[in-house]
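Keep the structure open and try each task before you look at the solution.

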Amino acid sequence: PDLCALTTPSLVDRDPVVIAIGTEGTAPVLARGIKTRIEELLSPNLGGLAALAGRLRPSVAARVPRAKRRAFWAWVFNGAPREMWSRGAEAHAARAIKDALTARQAPEDTSDTGSIALVGAGPGARDHLTLRAVQRLQEADVIFYDRLVEEDVLELARRDAERVFVGKHVGAHAWPQERINAVITAAALQGQRVVRLKCGDPGIFGRTAEELSAAREAGIPVEIVPGITAASAAAAAMGAPLTERGVCDTLILATGTGRAEAPLPDCVRHAGPGTATAFYMAVGQAARISEALLAQGCPGDMEIQVAADVSKPSEQLFRAPVCDLEESLRARGVTGCAILSLTWPKAVARVSAAPLPLAATAAE
């Protein structure tokens with residue numbers, strides 16, 4: 001009664017392959033869950049590509065030499081045609097297949113052309129990855145990953161994929177960005193499918209622009225796969241929206257830490273009534289941020305939401321008043337990855353900065 005059937009096209013036989021998933025009646029919900037997970041990894045329109053392959057099979061058998069047929073079908077279902085078909089460009093995929101059929105083989109240069117995918121791993125938990133991120137991990141020949149990427153996320157990759165750590169540990173191991181650019185482009189130029197795996201979303205406060213430039217200068221196809229950014233994950237973990245009608249109509253993503261050689265960013269300059277601000281990489285700058293917010297007219301008793309190690313076993317969620325932010329972080333032992341979020345409602349006006357004590361005024 002718990003037997004679930006999953007039908008998938010066969011590249012060798014004329015008939016489809018039927019995979020039976022069952023637990024002999026012990027856990028039917030588990031069987032359905034496994035079937036669902038497998039189906040999630042397959043593009044919903046993949047059946048159309050299989051149907052086209054079935055119609056073309058006699059032509060392939062007649063035109064493509066036997067020694068080249070396996071490579072031909074591997075290219076159809078693992079290469080450019082499937083990628084185009086999956087994103088909705090069915091006509092382009094069909095034209096590419098028919099052109100290859102006319103040439104009596106798959107494009108010869110496909111095996112020598114590498115690629116780079118800049119993939120967002122989300123906040124930590126592997127079930128926060130997008131389906132496309134999982135697909136790129138399973139296709140990758142080599143994965144260059146950051147320090148904050150969890151081990152169970154890497155377990156989603158192919159078993160034979162090479163894994164290279166390119167993160168940074170304070171005082172221990174560091175990869176300069178120029179070296180990272182060099183190794184990922186070198187691997188792609190060797191024909192490998194490269195995944196550069198980053199925590200969160202690769203396009204937010206990362207070094208994606210530099211890696212994009214390096215890939216494009218080398219003539220390597222490059223793709224960005226977005227991920228759940230820490231601000232979104234933190235708000236969800238806190239059970240609160242990032243924005244709210246009538247309360248705040250502007251969302252600001254700011255970083256408390258910039259490039260080593262640059263001045264610290266003015267990350268509170270846009271904060272004010274009607275805004276929500278998410279501070280990334282800001283734990284070490286908590287005192288400076290508190291002072292700047294107070295100087296901006298933020299009430300000292302307004303609460304900042306703190307989400308540390310979101311979606312990880314060490315997750316901490318709490319609130320701290322602006323005037324006591326640094327002390328609250330220290331008391332909770334928060335020193336690393338955390339998002340500090342401040343919602344300043346429209347109804348809360350700016351307050352005047354507290355006057356300096358007389359002694360301090362006289363000293364000045």
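**Exercise 1.** Find the partner of Asp249 in a salt bridge, and say how the two are placed.

*Solution.* Step one: Asp249 pairs with Lys346, and their closest N and O atoms are 2.9 Å apart. Step two: Asp249 sits in the loop between α10 (230-238) and β8 (250-255), and Lys346 in the loop between β12 (338-344) and α13 (358-363), so the pair ties together parts 97 residues apart in sequence. Step three: Asp249 is exposed at 56% relative accessibility, while Lys346 is partly exposed at 43%. (Buried is under 20% relative accessible area, exposed over 50%, partly exposed in between, with a 1.4 Å probe and protein chains only.)

A note on the source: this is a predicted model, where local features need pLDDT of at least 70 and side-chain atom pairs count only at pLDDT 80 or more, while totals for chains, interfaces and linings use all residues. Residues are numbered from 1 along each chain as its sequence is written, and side-chain values use heavy atoms, leaving out hydrogens and water.

**Exercise 2.** Work out how Arg330 and Glu326 are separated in helix α12.

*Solution.* First, their side chains meet in a salt bridge, 3.5 Å from N to O. Next, they are 4 residues apart in helix α12 (residues 325-332), which means about one helical turn lies between them. (Helices are DSSP runs of H or I, at least four residues, and strands are runs of E, at least two, numbered from the N terminus.) Finally, Arg330 is exposed at 56%, and Glu326 is partly exposed at 32%.

Note on methods. A salt bridge is a side-chain nitrogen of Lys or Arg within 4 Å of a carboxyl oxygen of Asp or Glu.
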